[in-house]
Amino acid sequence: MKHVTLPVSPKTVHWGYFSKAVAPALTLRSGDRATIETLTHHANDDYERMIQGDAGAESVFQWTREHKAVARRGSGPVEGPFIRGAGEGIGVHLLTGPVAIEGAEPGDILEVRILDIRPRPSCSACHAGRCFGSNVAANWGFHYHDLIEEPKPREVVTIFELDTSGEPYAKAVYNYVWTPQTDPDGIVHPTIDYPGVRVDHATIRKRENILSSVKVPARLHFGTMGLAPSEADFVSSIPPGYTGGNIDDWRIGKGARMFYPVAVPGAYFSVGDPHAAQGDSELGGTAIETSLTGDFEFILHKKADLAGTSLEGLDHPMLETDHAWSFYGFTYPNYLAALGADAQTEIANHASLDRAMRDAFRKLRRFLMTVHGLSEDEAISLLSVGADFGVTQVVDANWGVHGTIRKNIFRCD
């Protein structure tokens, strides 16, 4: 077993997509561990607090008219002219990786254990050592066309500070309404439509003393984590799918074990979209987006060894903790296969919690019947009286429902 560190840099991150076509940033064997740095793609909502003085973050976010450190942001085209920029923002998350796993082949399962998670402190002289994040009530949020106060519509950015001196929590610092921002290439962004655009604070009005009596319990986790799909060379990081990705479940934190079906040789694991806190649904569009560093362990389960284990027949992501298993249902289990050539943009037109609920039900039913040997009637009874289904997210185009079954249900006196 070896333990290596993967820092953030323009050479170790890819922005807005999963890919089987990019060179791995790191290659490991089953049983190896890695400390992986991740950055929030929302850091430029407050450059002073979340980027300034941080050499790694500054190197990734560097963007002038002469030089854009990470040019492609999304799975869209890289040849102009552009509407928004290279990659066109079809995918937004900053992901560190890919990490290739030696010997991983389609049909295998990669287990990813999250051993620890730590916030990335500010390096700014004014805020050194303190940790910050950004929450955005955005144009893709569930609420956006259901506002009751003027101006309508509007996007609102709220900056939070994360206190980890004791039981960790986040407290709001200020918020502001998004105003049109012009990027270094001269493209105007009237809404939040392209990742990494630096907000000019001279153009916004800070509103302080907000949420003054509120402390949000921290739930450090990674919103986007998974493997490269096989269907395309570049796949948007926004909709989750059968190899994981932007699941946005706050339970995928320290102590969690995620299991992903391998779709391409080497598996090609990437992680990002770090969150300080999020509720089920992520209703407004984002969590408290912050930068985190995680310690991970990778275990490869070969296809030939899966029979008779809890991984038998697994063709979708699964979460296991000390207390429960969780399964993730989506509007389309594999939207890339279901919706054809335009799947990455077309999926947003099909979002459905009904379909996601049915998918979660089917996945958990299969698990109970295959792994625990229940009949269908037994499984359905148990699902009704002992399983918990919740809305994971309604903002990632391929909407999600999680189904959870507690392990102590199967312990008989």
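**Close-up views of a predicted model**

**View 1. The largest pocket and its lining.** The largest pocket is lined by 46 residues. Gly89, Val92, Asn139, Trp140 and Ile238 lie nearest its centre. The structure shown is a predicted model. About 930 Å³ of space lies in this pocket. Strand E19 (269-277) supplies at least two residues of the lining. Helix H4 (343-346) also gives at least two.

**View 2. Strand E7 and its two partners.** Strand E7 covers residues 109-119. Strand E18 (residues 257-261) pairs with E7 in the antiparallel sense. Five bridges link E7 and E18. At one of them, Ile109 has Pro261 of E18 as its bridge partner. Strand E21 (residues 292-301) is also joined to E7, by 10 bridges. E7 and E21 run antiparallel. Look for Arg113 here: its bridge partner in E21 is Glu297.

View 3. Is strand E9 (residues 156-163) largely enclosed or largely open? Six of its eight residues are buried, so E9 is largely enclosed by the rest of the structure. Buried here means under 20% relative accessible area. Strand E8 (residues 131-137) pairs with E9 in the antiparallel sense, over seven bridges. In this pairing, Phe132 stands opposite Glu161 of E9. Strand E10 (residues 169-177) also runs antiparallel to E9, and eight bridges join the two. Phe160 has Ala172 of E10 as its bridge partner. How does the chain get from E9 to E10, and through how many residues? A hairpin joins them through five residues.

**View 4. The two faces of helix H6.** Helix H6 spans residues 376-386. Its buried residues are Ala379, Leu382, Leu383 and Gly386. The face turned away from the buried side carries exposed residues. These are Asp377, Ser384 and Val385. What covers the buried residues of H6? The cover includes helix H5 (353-370), strand E24 (387-393) and strand E25 (400-406).

View 5. His189 is found in strand E12 (residues 188-189). Is His189 buried or exposed? His189 has a relative accessible area of 1%, so this residue is buried. The side chain of His189 makes a polar contact with the side chain of Asp193. That polar contact is 2.7 Å. Leave aside neighbours within four places in sequence, and His189 is in contact with Arg84, Trp178, Thr179, Pro180, Gln181, Asp183, Tyr194 and Val197.

**View 6. Leu220 in a loop between strands.** Leu220 is found in the loop between strand E14 (216-217) and strand E15 (221-227). Which residues does Leu220 touch, not counting those up to four places away in sequence? They are Ile117, Pro119, Leu162, Gly253, Lys254, His275, Ala276 and Leu292.

Conventions:
Residues numbered from 1 in each chain as written. Predicted model: local features only at pLDDT ≥ 70, side-chain atom pairs only at ≥ 80, totals over all residues. Heavy atoms only, no water. Pairing = 2+ DSSP bridges. Helix = DSSP H or I, 4+ residues; strand = E, 2+ residues; numbered from the N terminus. Buried < 20%, exposed > 50% of the residue type's maximum accessible area, 1.4 Å probe, protein only. Contact = heavy atoms within 4.5 Å. Polar contact = N/O pair within 3.5 Å; in protein donor to acceptor, adjacent residues only side chain to side chain. 1 Å grid on protein atoms, 1.4 Å probe; cavity = no way out; pocket = protein on both sides within 12 Å on 5 of 7 lines; lining within 4 Å. Points joined across faces, edges and corners; volume = space filled by probe spheres on them.
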